[in-house]
Structures are given as C-alpha cells and as structure tokens.
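Reader: I would like to learn how to read a structure like this one, feature by feature. Could you walk me through it?

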Amino acid sequence: MKELLEGSMAVAEIVKLCKPGVISAYPITPQTHIVEELAQIVADGHLNAQFVNVESEHSAASVVLGAVATGVRAYTATSSQGLFYMAEVLYNIAGMRLPVIMTTAARAISAPINIWNDHQDVVSLRDAGWIQLHAEDIQEAVDLHLIAYRLGEDKSIMLPVMVCMDGFILTHGMETVDMPTQEQVDKFLPPYKAPYKLDIENPLTLGPLVDPEYYMEARYALNETHKEALALIPKLTAEFAKVFGRTYNGLVEGYQLKDAEKVIVAMGSVCGTIKEVIDELRAKGKKVGLLKITSLRPFPVNAIYDALKNSPKVAVIDRALSLGSFAPLSAEVKAVFFGKTKKPQNISSFVVGMGGRDITKDSIKEIFRLMNGKDKQTEFIDLKPELLKENYE
Amino acid sequence: MKEIRIHARAGQGAITTASLLGYAYFLKGLCPYAFPSFGAARMGAPMNAFVRVDSQPVRLRSQIYEPDYVIIADHTIMRGYNCFSGLKEDGIAIINGKEEQVSVPKLKPKQKVFVVPANEIALKYIGRPLGNTALLGAFCAATGELTLDDLTAAIKHRFSAKLQEGNIKAAQEGFDLAKSKIKG
C-alpha cells in the first residue's frame, strides 16, 4: 500500500515485517527514529521480539551478535560515532559469519562535531567484512532491507549486511513509499534457520582463538564469500521483482549511460539530484550520464567495468575521505581500469557535501563543467576558500 | 513542481507543518518530498523545513533556494534571516504574527504577503501557541494549492480527539482570514 512515510518510520515498518526476534540499540544520539519506532512497535505488542536497550553501541552490537549466534534473527541501527564505537564488534560479527542486519544513517564524524549527512562513517567501515548496500531513496532503503536479510542469511553467504541511507535527507525526509504486505514479505523471506548456532545440547565454539595454522584461511574464505555475494545479489533482486514488482540491479544502476560522453559515479541520495541535472542537460543536447553504485561491498568490479569501459570521461563523487590519500571510491573505480585496454580517457575525483554541505544542482553542473578540462584529483566542490585563511600567529 | 520553504524555531512544529502539507498533497495523488534542515540541535534554534511536490516522484535532494511559497512560523526570525530570499516573482509568504509586529520588506509587484495571528488562533482552539494549522489554513486560501478539505483530511490523519477538533477550527479560521484579505 502506498503511504507517505518518514524514512526512519518506513524502515521500522519493514523491519517489523521481517520479524526479528531481537532488536538492540543505544537510544541516544547519534541515533534515528528507526529504533524509537521499533521500541514502540514491540511495546505495543505488534512484533514478538525482545527489544534490548543498552548503554552503548558497543553493547548493542554485542547483543545482536549474541542473538544471531543462538540462531535468532536480529536487527540494530546506528550512525556516525555510534558506528565507530561498534567497530570492534562489527569485525567480529563478520568473522563469526553471523548475518546481523543493521541500518546506518550515513553521517559525518567528529571532530569537529557535526550531525549532518555525508558518507565518512559507513565508508570507513568498508573493510569490516560486512556487505554494504547504499539506498538512493526511501523506497530503495525499504526494499534493500528485504534483500539484505535474504542475502546475509543465505547459507552460501552467512555475512552481516549494512543498509546505508543518507542521514536526515532520507532518515528524516518523507516521501511516498509502497509498503509491502506481510504476505509478500513472508513469501520472499522465510524464517531464519541457522546452519550453526550456540546450543547447549550440541555445544560448539564461535569466534575462537585461531593460530597462524588456520587464521589466513578464515579470512580468505570471507573474501571469497564476498565474490559469491556478487553473483547472488542480482539473482535475489530478480526474485524480489517477481514478488514486489520493483526492479533493482542491486550492484550498480546506469542512468542515461548509452552514448554518454561524461559519466558521474556516485552513491546514495545525491544520485537523485544528479538524475535531475542529467535530464536538464540532456534536454540541451549534452551527452551525460550516471553510474550509481548500490553495493560498495562487495565491490562490483565487473559491473563497473562493463558500464564505464566505453565512457570517455568519468568523474567519481566521494562524500568521504581517506585522509592523506585518494578519495576512497575514486581510488577503487580507478583500480577497476588499471591495466585494461578499454577504459575511460579520464577518471576525475570530486569531493562534495561533507558534513551536510548542501549539494545543489549547481554543484553537479560544476562537476560536469570541470570534466571538460584535465583530470581533477580530490577536488572539493563548494569549498569556501575564505574560511581557509585564518591565521593563529 | 512547487517548492515551499518553512522558517521556524526548533520546537515550533515546522516538521509537523511540512508533514501535514506533504500529507495533504499526498492525499491529492501528488508526490511530495518533505524534509527538515536543522541548525544547532536545540529548542529555539532557527531551522527550516521544506516541501517539494510534483506529479512525479521528487528526485532533487537539495534545500530550497527559490521557493514558490514561504511560511514563516515565527516573525522574529525575520530579524536575523532574509526569509524572502529567492522567493519567486509571483511568490506568496504567510507570516505568523500581528500586523503591527511584522515589518514586511519591499516586495516585487506580484509577490503577496499574508500576516496571520496564528498563535492567538491556536491559543483559542488548542490552548497552546502552536499556530501551524492556522498558518496552513491561510496557505490554502492564499495559494489555492489545496482546498480546506484537503488540509482537514491531513489534520484528521495526524491528530485525534480534541486536538483534531481544535486544529480543524484553527485551520478554518486561518483560511477564512486569508480569504477575507484577498477579497478585502
């Protein structure tokens, strides 16, 4: 049924329909309305789950780790510094092969303190072993949670999945959402049956000390599973389309790529603004396009290669930094083409919208304009040079 | 596409205003995107809420710089901010305040301003100075974007019991006041 919903409320509703048995969260900032609403849903008896309010994000992550380890479907959500406080446990969840599903409202990180949207928190956690899916709008955020549970809990995968949605822009924005019914969700997502779990009748150890004889293989296996996830995601989205009638690629999405001479690569809600600009520029005869990356982990190397191999000029938008090096997404897109014969003439790198700096249509037009010249590397858009001139001598 | 910018202080119900407006558009079969922009995260701090509405799903995620309409939920904000910034040539502003309190800047010929004592109206019907529904009633009359019935339906969806009744009355009075100003 179509409803007008705030992003956080829509996610809470879809999580309810996924029937987790345990939800755990630290309720204070940085947090969203998602867990607030889920706490209400559980308290009102609309979801048969244990809601565990904890004293920190580290504990929230530990609780969902423990829940999934005992064979129960679990859910948590966080953001920004909260995600960082979870980090130690997040690596463990992936290494222990536990399909925890978490929503992260992508936000800036401290210092300076900033509550607004960018991708520095989630992109920093790209190496934790979690699958990481990025939503462009609220509908996609809702739908990606269904994909996430199926994907993570698949016996061939058994990995945690992070669904990333832009803080405020999507978590606090309201738009029309086609909310699936319980019947549809039940058809797509069967109850979780753990292939292994902590059980006093059949004792086993999860996450033990593993000496140099075995450790490398465990990490190798994690990496191999990410490759298998790349193959499974499109199969799941095809199945999703049959049940829900909405089509996603799940790895990447091209917009006006055919014949495009300039292509922007981006993730998240800014893709909507880019599509708007593309329509305007196309109406004036400019051949421009977008490649949206939905799956940051696993990184869809082949899909990106196929989508961009004939694009003369490419610009990668990062909303995060790898301080002291190349902007992270741009470095990975460039790596896709290293040593290839067919490749873009230029791959430029732009940084926009840090800490909630508004990304306007003009910001995007400026990037398309700058693509006319030489390669740009880690070029900041909408920077205020006058703020860089402070002198403390 | 129509774009509405709401100026308020945190705690005055700007998000409720945006969501009521969004919901009224939604009930008409349009596609709204309603979203807030916070300043410092504390009550009383100036903040904005926005509604962008179209017949197709809205993809543009930036804030609103050239609004068709502005709603100013607290006229004291006009002292520190140019709430009329970028207002379209034929744009309309709805301001919460009394005529004698509000000094309206010089307008372009086709721009219109409606000053509505929404806090007083709200106190009368709701018992608290939350003038959002009175302002929205005035918005409906001033812009013709929505009928009073559209707004009432959104209020019924959002509020129940006494609060619903009071807000419907406040919206009606705001609507009537703006209508009388158009005729006057």
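Reader: Let me begin with chain B: among contacts between residues at least 6 apart in sequence, what percentage join residues at least 24 apart?

Author: Gladly, and please keep in mind that this is a predicted model. In chain B, 58% of the contacts between residues at least 6 apart in sequence join residues at least 24 apart. For chain A, residues 24 or more positions apart account for 79% of the contacts with a separation of 6 or more.

Reader: Now chain A, please. How many helices and strands does chain A have?

Author: Chain A comes to 12 helices and 15 strands. Its radius of gyration is 21 Å, close to the 21 Å from the globule rule for 393 residues, so chain A is as compact as a globular protein of that length. The C-alpha atoms of chain A fill a box of roughly 65 × 60 × 50 Å along the principal axes, and buried residues make up 49% of its 393 residues.

Reader: Which domains does the assignment give for chain A?

Author: The assignment gives domain 1 (2-244) and domain 2 (252-388). Their C-alpha centres lie 27 Å apart. Where these domains touch, 25 residues of domain 1 of chain A are in contact with 21 residues of domain 2 of chain A. On the domain 1 side, the elements that give two or more residues are α5 (120-124), β6 (131-134) and α8 (215-244) of chain A. Of these, α8(A) gives the most, with five residues. By class, that side has 12 nonpolar, seven polar and six charged residues.

Reader: And between the chains, how many residues does each chain bring to the contact?

Author: As a general idea, the size of an interface is often given as the accessible area lost when the parts come together. Here we can count residues instead: the contact takes 18 residues from chain A and 17 residues from chain B. On the chain A side, β8 (174-178) and α9 (270-283) each supply at least two residues, and α9(A) gives the most, with five residues. By class, the side of chain A that touches chain B has six nonpolar, seven polar and five charged residues.

Reader: Let us turn to sheets. In what order do the strands of the open sheet of six strands in chain A come?

Author: The general idea is that strands of a sheet pair through backbone hydrogen bonds, either parallel or antiparallel. In this open sheet of six strands, the order is β9-β11-β10-β13-β14-β15 (chain A), with mixed pairing. At the edges stand β9 (252-255) and β15 (379-380) of chain A, each with a single partner strand, so one side of each is left without a neighbour in the sheet. Within the sheet, strand β10 (residues 262-266) and strand β11 (residues 288-293) of chain A run parallel, joined by five bridges. One residue pair to find there is A:K262 with its bridge partner A:V288 in β11(A).

Reader: Which residues lie on the two sides of strand β2 (residues 22-25) of chain A, and are they buried or exposed?

Author: A:V22 and A:S24 are on one side, A:I23 and A:A25 are on the other, and all are buried, so both faces of β2(A) are covered. β2(A) pairs in the parallel sense with strand β3 (residues 50-53) of chain A over four bridges, and A:I23 stands opposite A:F51 in β3(A). β2(A) also pairs in the parallel sense with strand β4 (residues 74-79) of chain A, over two bridges; there, the bridge partner of A:I23 is A:Y75. Finally, β2(A), helix α2 (residues 33-43) of chain A and β3(A) make a right-handed β-α-β unit.

Conventions:
Residues numbered from 1 in each chain as written. Chains lettered and ligands numbered in written order. Predicted model: local features only at pLDDT ≥ 70, side-chain atom pairs only at ≥ 80, totals over all residues. Contact = placed C-beta atoms within 7 Å. Nonpolar A, V, L, I, M, F, W, Y, C, P; charged D, E, K, R; others polar. Domains from an automatic or database assignment. Buried ≥ 20, exposed ≤ 12 C-beta atoms within 10 Å, placed from the backbone. Pairing = 2+ DSSP bridges. Right-handed = clockwise from strand over helix to strand, strands pointing away. Rg over C-alpha atoms; globule rule 2.2 N^0.38 Å.
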